Each structure stands twice: as structure tokens, then as C-alpha cells.
Amino acid sequence: MLDLDFYQNIKKELANGQTELVAVSKTKPAAAIQALYNQGQRIFGENKVQELLEKAESLPKDIEWHLIGHLQRNKVKYIAPFVSLIHAVDSLRLLKEINKEAKKNNRTISCLLQFHIAQEDSKFGLHWTEAQALLTSKEYAQMKNIKIVGLMGMASFSDNQEQVLAEFGQLAQYFQTLKEQFFAQDPSFKELSMGMSGDYQLALKQGSTLVRIGSALFGQR
């Protein structure tokens, strides 16, 4: 059930212009997305490629689709023609595939590097040394059809707010360090995707520019 009161309230909360709302519409019907679109929302996030394809086909063409879930390399070709932002780039191999498919479509695809900041081992993401190795690699230097525009991370699923706040703070520090080391002359490196329905207010305190909100908007799955 779409919660329009929450939507209006969070839009007011984000009215500073520093943070955008990514409405996470996974498992939700096209009608619910259309209803939120009718309220002015344009950025929607999906976890699965097949579901994203089906929805993109039937919904307005000016929607900015973000792929926020773990992306398999063999699925990149399906979203390369139209995806606006890929949040969860967690390996050089995946980035190479995105670059290859973007080139085929004569596009430059914006990407976020996903970092592992949570306690749970089950979550995906790069560690600091892996990210450094990726950004200093010859392969990355030769990629012309991707653009890394920031970082993404998921905090631990925990009621310990200090822990969650610290994990978001760590991601913000990674962002700042990489900005200085690799992207100092690149104004497009500005996105910090962190915060979901249960912890987005903590993420905002640490400088999130993209909050990924699903259940608080659309109801529990």
C-alpha cells in the first residue's frame, strides 16, 4: 500500500537539494510505480534485471531506472541500453562488462563502487585495498564508456544506531579519500548512496546523496 503521507514528508525532509530519493520498487506492481510517478517521483530502483526490464517496458520512458541489487555480468547487456545508474559495482570484471556493453550501445553508463561496510559477510562489496587496486589498474584507465560517480554501501542490519552511524561514516570517509586521490578534478564524482527505510536518517547525518527507500513507501513485501 503506497504511503503518500510518508512520500510527501520525506520529500520535504530532502528539500535541501543535497539528497535524492530512490524509490525502491522491487516486487511492487507497475500500478504502484505509476501512482508514485504521478506524484512527481522519477527515480526508481530495482534489484533484479528481469523485473526491471518488464517494468521499463510498460512505464513512462522518462523514469530514471537505477539497478541497485547485485548484478551478474551475463545480465548487463539487457539493461545497458537504458539504465541510468548502476549502484552495486563490486569488481573490476563487472566494470569491464558494463564498459563493453555500454560501448555497444554508444553510451557512457554511470556507476557506483559498492563497498563492504557491514558486519554481515553475506553482503557484497569491495574492501579498501580492492578498490585501490581497481582504480589504479590499466584496465580501468582504458575504459571510456563507464563513469564512476560515487560510492554505495549497506550498513549492518542492527538496532545499534551507533554502529550503523559509524559504518556510514566509514563509507563517507572512503568517499572523501577517493575523491581527493582519484577524482579531485571530476565534479561528477559526488554520489554517496546509503540509507534505506530503517536507517536513512542516520545516513543523512553522514552525507548521503541517494537514499534507497522501499518498504516505508510501498509497504512491506
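User: In S8, which residue is the bridge partner of Glu20?

Analyst: This is a predicted model, in which local features need pLDDT of at least 70, side-chain atom pairs count only at pLDDT 80 or more, and totals for chains, interfaces and linings use all residues. Residues are numbered from 1 along each chain as its sequence is written, and side-chain values use heavy atoms, without hydrogens and water. Two strands pair if DSSP finds at least two bridges between them. Strands (E, at least two residues) and helices (H or I, at least four) are DSSP runs numbered from the N terminus. Here, Glu20 has Leu210 of S8 as its bridge partner. S1 and S8 (residues 210–213) run parallel and are joined by 4 bridges.

User: How many bridges link S1 and S2, and how does the chain cross from one to the other?

Analyst: S1 pairs with S2 (residues 43–46) over 2 bridges, in the parallel sense; Val24 is partnered with Gly45 of S2. A crossover is right-handed if, with the strands pointing away from the viewer, the path from the first strand over the helix to the second runs clockwise. From S1 the chain passes through helix H2 (residues 30–37) to S2, a right-handed β-α-β crossover.

User: Is S1 largely enclosed or exposed?

Analyst: Buried means under 20% relative accessible area, exposed over 50%, and partly exposed in between (1.4 Å probe, protein chains only). In S1 (residues 20–24), 4 of the 5 residues are buried, so the strand is largely enclosed by the rest of the structure.

User: Where does Asn106 lie, and what is its phi?

Analyst: Asn106 lies in the loop between helix H5 (92–104) and strand S5 (109–115). Its phi is positive, about 55°, although Asn106 is not a glycine. Asn106 counts as exposed, at 72% relative accessibility.
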